[in-house]
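Let's take a walk through this protein chain together, from its overall build down to a single residue.

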Amino acid sequence: LTAFSTVLDNETLIKKKITLGRRSTNDIAILDARLSGEHCLFFLNDEGECFIEDLSSNGTFIEDKKIGKGNKHKLTSGDKIYLLHHSKVKPDEIMGYVFCALNEGVNELKR
């Protein structure tokens, strides 16, 4: 995932499952009260495809579309992932990533 905000860092997917959320026990911990304790889950299936599952109360978004709690979305290169809807926060508070697939079967998450 490539971060497109100054409050986040880039991340690389090195495990089959990565949790992101407010709690320090997440693989990617972001200490922001607007995020859920476990906000979303990134995971690879057996074919090496990367998915995101929304675990949050307030939503995780691909572009302007809410994934919806408990729902999954297959990620493709260039997908913009917003942890808060970008229209509801100040420009300097936008939190999100762009998903970048490195090559078939190997994916990278940059935060």
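We begin with the whole chain, then turn to a sheet and a loop residue.

This is a predicted model, in which local features need pLDDT of at least 70 and side-chain atom pairs count only at pLDDT 80 or more, while totals for chains, interfaces and linings use all residues. Residues are numbered from 1 along each chain as its sequence is written, and side-chain values use heavy atoms, with hydrogens and water left out.

The protein chain has twelve strands and zero helices (DSSP runs numbered from the N terminus: E of at least two residues for strands, H or I of at least four for helices). Its radius of gyration, 13 Å, is close to the 13 Å that the globule rule gives for 111 residues, so the chain is as compact as a globular protein of that length (taken over C-alpha atoms; the rule is 2.2 Å times the number of residues to the power 0.38). Of the 111 residues, 48% count as buried, meaning under 20% relative accessible area with a 1.4 Å probe, protein chains only.

Now look for the open sheet of five strands, ordered β1-β10-β9-β6-β7 with antiparallel pairing; strands pair if DSSP finds at least two bridges between them. Its edge strands, β1 (2–3) and β7 (65–66), each pair on one side only. β1 joins β10 (residues 96–98) over two antiparallel bridges, and A3 has Y97 of β10 as its bridge partner.

Finally, find T60 in the loop between β5 (50–54) and β6 (61–62). T60 is buried, with a relative accessible area of 0%. Beyond its neighbours within four places in sequence, T60 is in contact (heavy atoms within 4.5 Å) with residues including H39, I52, K65 and Y82.

How values were computed. Buried means under 20% relative accessible area, exposed over 50%, partly exposed in between (1.4 Å probe, protein chains only).
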